[in-house]
Amino acid sequence: MKFYYRDLFIPQTATADQIKSAYRKLAREVHPDHSAQSGHSDPARFHAIGEAYQTLSDPSLRARYDAELTAFLKRRGWVLCPSCGAHNEVPAIPESKVALCGRCRTPLSVTETERRSSQVTALREQAIDVVAELGADLLDVTGDFLHGKLQGLRTRFAVKPRKGVG
Ligand SMILES: [Zn+2]
């Protein structure tokens with residue numbers, strides 16, 4: 001996954017004008033021709049910024065990218081910074097504390113309740129991914145594993161299998 005908003009240092013809600021001016025400013029800073037004067041030339045970063053701009057400045061490419069990004073973040077339970085577009089993995093938020101962006105220290109608009117529910121969603125999405133990838137094999141293994149555990153417990157506590165179970 002590429003992080004275009006992060007590369008341009010803009011929020012996901014940025015307007016077309018904001019995207020353009022962010023791109024121009026950053027491209028000027030890291031332009032390869034710049035090296036002689038400033039020593040700030042960074043061809044890799046220049047390339048990344050250009051790619052981010054190409055996608056985000058095209059409304060249909062941007063819409064497709066936004067959908068991918070949203071799904072990606074949801075799968076991991078990550079939050080985009082509302083200021084610089086960095087993706088933040090938010091661990092527990094202690095009571096009366098606010099989660100801050102790890103990159104620019106802007107408060108992230110996420111509460112502990114939201115964080116927890118997004119973590120639950122993320123785990124569920126990840127589990128679905130794993131099952132989708134491994135398919136029936138995993139389900140069989142899980143079945144065998146649980147079956148074995150149940151048998152062990154039954155033996156230990158001398159429980160007779162219920163009808164239709166085991
Ligand atoms: Zn930030």
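A helix, as the word is used here, is a DSSP run of H or I that covers at least four residues, and helices are numbered from the N terminus. In this predicted model, A44 has its place in one such run, helix α4.

**Confidence**

Over the chain the pLDDT averages 84, and 80% of the residues score at least 70. Among the elements of the chain, two mark the ends of the range of mean pLDDT, as the table shows.

| Helix | Residues | Mean pLDDT |
|---|---|---|
| α1 | 4-8 | 97, the highest |
| α3 | 35-38 | 56, the lowest |

Where pLDDT is low, the predicted coordinates should not be read in detail.

**How α2 and α4 pack**

Helix α2, which spans residues 16-30, packs with helix α4, residues 43-56, at an angle of about 165°, and their axes are 9 Å apart. Angles over 145 degrees count as roughly antiparallel, and α2 and α4 are therefore roughly antiparallel to each other. The crossing of these two helices, α2 and α4, is left-handed.

On the α2 side the contact is formed by I19, Y23, L26, A27 and V30, which meet R45, F46, I49, Y53 and L56 of α4.

The C-alpha atom of A44 is separated by 9.5 Å from that of P32, a residue twelve positions away along the chain.

Notes. Residues numbered from 1 in each chain as written. Predicted model: local features only at pLDDT ≥ 70, side-chain atom pairs only at ≥ 80, totals over all residues. Axes fitted to C-alpha atoms, helices over the stretch in contact; angles between N-to-C directions. Parallel < 35°, antiparallel > 145°, perpendicular 65-115°, else oblique. Left-handed = near helix turned anticlockwise from the far one by under 90°. Contact = placed C-beta atoms within 7 Å. pLDDT = per-residue confidence, 0-100.
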